[in-house]
Amino acid sequence: MLIPVVISGLGGIAALQMLYKSPRPSRVIGGQDAPDGKYPYQVSLRRGTFHTCGGSIINKRWVLTAAHCVQGLDHKALNIVAGTNLLEGGQEQTYQSQYIVYHDDFDMWELQNDVALIRVSKDIVFNDKVQPIKLSTKSEKDEKSVDVVLTGWGSTFLGGSAPNNLQEINLKVINNKKCAKEMGFNITKSHICTLTKSGEGACHGDSGGPLVADGVQVGIVSFGRPCAVGKPDVFTRVGTFQDWIEKQQLQFSS
C-alpha cells in the first residue's frame with residue numbers, strides 16, 4: 001500500500017513516493033478495494049493530474065501528510081483531491097494548496113519528524129464523502145498488537161502502477177523495539193510500526209496517508225523496505241506532533 005519514493009542508501013530503506021497515473025483497477029499489496037465513502041478523510045495529493053502521495057483532512061482548511069511528500073515544493077504546487085475512491089472517473093472535490101509547511105527538523109536520511117501540513121486555498125466542503133479525521137493526542141510508548149487500518153493508492157508491487165480504486169488493509173501495530181530489530185534502523189518514540197506478514201503492507205504512492213485505529217489517526221505513512229517483503233512499515237506517530245500541528249495552524253492565522 002502506501003509510502004514515498006526516494007530510495008536512500010540506508011540498506012534498501014525507502015521513503016515511498018512516486019508519480020502515478022492509474023491505468024487500471026488492481027489491489028494494493030494484500031489489500032482490497034475500499035467501499036465507496038468509507039474513508040471520507042482520505043485525499044490524493046497530485047502534481048497536476050498525477051497522484052504522488054496520500055493525506056488526510058483534519059479540518060476545513062488543513063490536510064496532514066508526510067514531509068517527504070512536500071519537501072522542496074512550491075506552496076501552490078499541489079492539487080488536493082477529496083470525496084472519491086477513484087484516481088480517474090470519480091466525482092471529486094479539488095483544492096489547490098495555498099501554503100505548505102513541514103517540520104524544521106525533518107531529516108530525509110534518518111527519516112525523523114516526517115510530518116507536514118497543507119493549507120488549501122478555500123474551505124473544504126464537507127458531506128457524506130468528505131469529512132475530517134480526529135487526530136491522536138497520545139504519545140504513549142510501544143503499543144502491542146493494536147488493530148489499525150491503512151488506506152491509499154500505493155502500487156500493488158514494487159515498481160508497479162497505482163490502482164485506480166482506493167485500497168484498504170487491516171494491519172497490526174508492533175512495539176518499537178521489535179520494529180528496530182527487524183528494520184536494523186533507528187526507530188524512536190516518534191515512530192509507530194506495523195507488521196502482519198509478507199505480502200501485506202505499504203508501497204510507493206501510499207506515503208503521507210493515514211493509519212487509523214478506532215476512527216482516530218495514529219500514524220502517517222513514512223518509510224519501509226519496499227514492498228511488503230515481511231518487514232515492518234514505519235509511520236510518523238501523530239500524537240508526538242500534536243503541539244507542532246496546532247502551532248503551525250495558529251501561526252498561519254496570526
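**Exercise 1. The enclosed space**

Task: Search the whole structure for cavities of 30 Å³ or more: how many are there, and which residues line the largest one?

Solution. Keep in mind that you are working with a predicted model.
- Step 1: Rolling a probe the size of a water molecule over the atoms shows where empty space is left.
- Step 2: The search of the whole structure finds one cavity of 30 Å³ or more. The volume of the largest cavity is about 60 Å³.
- Step 3: Its lining consists of Asp 36, Gly 37, Tyr 39, Pro 40, Gln 42, Gly 83, Thr 84, Asn 85, Lys 129 and Leu 166.
- Step 4: Now sort this lining by class.

**Exercise 2. An open pocket**

Task: For the second largest pocket, find which helix gives the most to the lining and which domains the lining draws on.

Solution. 
- Step 1: The second largest pocket has a volume of about 150 Å³.
- Step 2: Around this pocket you will find Ile 58, Asn 59, Leu 135, Ser 136, Thr 137, Gln 242, Ile 245, Glu 246 and Gln 249.
- Step 3: Helix H3 (residues 242-253) is the element that gives the most to this lining, with four residues.
- Step 4: Compare the numbering with the domain bounds. Domain 1 (42-132 + 241-252) and domain 2 (134-239) each supply at least three residues of the lining.
- Step 5: By class, the lining of the second largest pocket has three nonpolar residues, five polar and one charged.

**Exercise 3. A strand and its partners**

Task: Work out which strands pair with S12 and why S12 is described as largely enclosed.

Solution. 
- Step 1: Look at S3 (residues 32-33). This strand pairs with S12 in the antiparallel sense over two bridges, and Asp 33 stands opposite Gln 167.
- Step 2: Move on to S11 (residues 147-152), which is joined to S12 by six bridges and runs antiparallel to it. Here Val 149 has Asn 170 as its bridge partner.
- Step 3: S13 (residues 191-194) also pairs with S12 in the antiparallel sense, over two bridges.
- Step 4: Finish with burial, which means under 20% relative accessible area. Six of the eight residues of S12 (residues 167-174) are buried, so the strand is largely enclosed by the rest of the structure.

**Exercise 4. A hairpin**

Task: Describe how S4 is joined to S5 and to S7.

Solution. 
- Step 1: S4 (residues 42-47) is mostly covered, with five of its six residues buried.
- Step 2: S5 (residues 50-57) runs antiparallel to S4, and six bridges join them. Ser 44 is the bridge partner of Gly 54.
- Step 3: These two strands form a hairpin with two residues between them, and Gly 48 in the turn has a positive phi of about 70°.
- Step 4: S7 (residues 79-82) is also antiparallel to S4, with three bridges between them. Arg 46 is paired with Asn 79.

Terms used: Residues are numbered from 1 along each chain as its sequence is written. This is a predicted model: local features need pLDDT of at least 70, side-chain atom pairs count only at pLDDT 80 or more; totals for chains, interfaces and linings use all residues. Side-chain values use heavy atoms; hydrogens and water are left out. On a 1 Å grid over the protein atoms alone, a cavity is a set of points where a 1.4 Å probe fits but cannot get out, and a pocket is an open set with protein on both sides within 12 Å along at least five of seven lines; lining residues have an atom within 4 Å of a point. Grid points are joined across faces, edges and corners, and a volume is the space filled by probe spheres set on the points. Ala, Val, Leu, Ile, Met, Phe, Trp, Tyr, Cys and Pro count as nonpolar, Asp, Glu, Lys and Arg as charged, and the others, Gly among them, as polar. Domain bounds come from an automatic or database domain assignment. Buried means under 20% relative accessible area, exposed over 50%, partly exposed in between (1.4 Å probe, protein chains only). Two strands pair if DSSP finds at least two bridges between them.
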